[in-house]
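Me: Got a structure I'd like to talk through with you. Can we go over it piece by piece?

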Amino acid sequence: MSSSGVPFSRPVVAPEATQAVDRVLRSGWLTTGPECAAFENEFASWVGAEHAVTVSSCTAALELSLRALHLPEGSRVLTPTVTFCGAVEAIVHAGLVPVLADVDVETGQVSPHTCAAAAHTAGGVDAMVVLHFAGLPAPVVELAAAAGVPMSRVVEDAAHGLGTWVGDHQVGRISRATCFSFYATKNLPIGEGGMVTTDDGHLATWLRSTRMHGMSQDAWKRYLPGGSWEYSVREQGLKGNLSDVQAAIGRVQLRHMHAWQRRRRAIAERYTAALSHIPGLQLPQEPTTGRHAWHLYTVRVKPTFGISRDELIDHLCARGIGTSVHFIPVHHMPRFRQVALFSARGLPNADVLFRELVSLPLYPALTDDHVDLVVDAIDHARHHRHAVTISQEVSS
Ligand SMILES: *Cc1c(COP(=O)(O)O)cnc(C)c1O
């Protein structure tokens, strides 16, 4: 175990996935078809939404959900700066302008205060993307009100939010469109893939067309016996559909989600119990209401810890323990400094967090022994602040 180390992420794959893929490969239908339709139904009922539409990624889900708002080109969309770059690029691809909001240092998410400030800086915003960072529930309704955005123009980035509950509401039907990711590191890994959930039947129909070039009838229906070859294109679409091979994996994985979520929670609780006595480490908050999906376990390395966040990462890396940083704020990237609007005074809370954040390994396959190894390595790091540099000198 310790010789191979603890990777930052390791996708969990249900053993039945192999048979499911085999069944689809032999079925005579590989692209979007009956498996996608079944996955959509099962996923919609898992999150409690009326409709679910499979897409190729959460990035495609966000782009299409934003385009579905039919806002004039150049309309302004609020997004946290502490998010994945692709989620901001999706706003640009939809013909809209990202407005970057700072985050609260305690939650890592935007707050009503930072939303109001960002909206004010931009002279008002027309829509917003709400992220449930790490799986921590974001108060969607409150944030939208603070930004002055009606709920009909809120899109949720639930790439971390499968299994998150905001109060009594499961993420998936709170806003007009909720976007999920099945990327390899996410709570329901397929490798690649995404989903939009909504209670709006018109939106679901629109998404089923625009995910496939904007074609008026999907291929599955055209190629069914008696299906027609005829189709038209009314508006700009995307090549953003999911394959039945991927959907078959997703269906199998979904059946394990409750068990996997329980394991994620248990790991988070073990980290919190073991790390809470270490000074200078600020641990993630448990929400007072709702439910955390524990996609990430992200800690803050404060100055009182003794070594810097970067030194801690190096130390853990030297012991074979993988970590990551979520996220490099997008206002640090040249691309988004160019295309996004944000306060001339900068986004200082995100800058503070960016120096201090580190995400620890968290996935169902992680054993209690792995967790203890990570905890011991963190404790060791703070007592041996020069250990990394010395061992580097010795080996060079
Ligand atoms: C992973 C991720 C995405 C993108 O998901 P894809 O399915 O890879 O497109 C978007 N937003 C956040 C916050 C993510 O972590």
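What follows is a short chat about a sheet, a helix pair, some salt bridges and one leucine.

Me: Before we start, what kind of model is this?
Reply: Keep in mind where the coordinates come from as you read the rest. This one is a predicted model.

Me: Are helix 10 and helix 14 roughly parallel or roughly antiparallel to each other?
Reply: Helix 14 (residues 368-383) packs on helix 10 with the axes 10 Å apart and an angle of about 30°. Angles under 35 degrees count as roughly parallel. So helix 10 and helix 14 come out as roughly parallel.

Me: Which residues of helix 14 make the contact with helix 10?
Reply: The crossing of the two helices is right-handed. Helix 10 brings Arg263, Ile267, Arg270, Tyr271, Ala274 and Leu275 to the contact. From helix 14 come Asp368, Val371, Asp372, Val374, Val375 and Ile378.

Me: On to charges: how many salt bridges does the structure hold?
Reply: As background, side chains of opposite charge can pair when their charged atoms come close. One example here is arginine 23 with glutamate 35, at 2.5 Å from N to O. The total for the structure is 18.

Me: Is glutamate 35 buried or exposed?
Reply: Glutamate 35 sits in helix 2 (residues 34-47), while its partner arginine 23 is in helix 1 (residues 17-27). Arginine 23 has a relative accessible area of 42%, which makes that residue partly exposed. The cut-off for buried is under 20%. Glutamate 35 has 9% relative accessibility, so this residue is buried.

Me: How many residues apart in sequence are the parts tied together by glutamate 35 and arginine 251?
Reply: These two side chains meet in a salt bridge at 3.0 Å, N to O. Glutamate 35 is in helix 2 and arginine 251 is in helix 9 (residues 244-254), so the parts they tie together are separated in sequence by 216 residues.

Me: Which residues do salt bridges with shared partners join into one network?
Reply: Arginine 251, buried at 16% relative accessible area, also forms a salt bridge with glutamate 42, with the closest N and O atoms 2.7 Å apart. That pair links helix 2 to helix 9, 209 residues apart. Glutamate 42 is partly exposed, at 25%. The network is made up of Arg23, Glu35, Glu42 and Arg251.

Me: Last one: which residues does leucine 296 contact, leaving aside neighbours within four places in sequence?
Reply: Leucine 296 is in the loop between strand 10 and strand 11. The residue is buried, with a relative accessible area of 5%. Its contacts are Phe8, Ala134, His160, His326, Ser359 and Leu362.

Technical notes:
Residues numbered from 1 in each chain as written. Predicted model: local features only at pLDDT ≥ 70, side-chain atom pairs only at ≥ 80, totals over all residues. Heavy atoms only, no water. Salt bridge = Lys/Arg side-chain N within 4 Å of Asp/Glu carboxyl O. Helix = DSSP H or I, 4+ residues; strand = E, 2+ residues; numbered from the N terminus. Buried < 20%, exposed > 50% of the residue type's maximum accessible area, 1.4 Å probe, protein only. Axes fitted to C-alpha atoms, helices over the stretch in contact; angles between N-to-C directions. Parallel < 35°, antiparallel > 145°, perpendicular 65-115°, else oblique. Left-handed = near helix turned anticlockwise from the far one by under 90°. Contact = heavy atoms within 4.5 Å.
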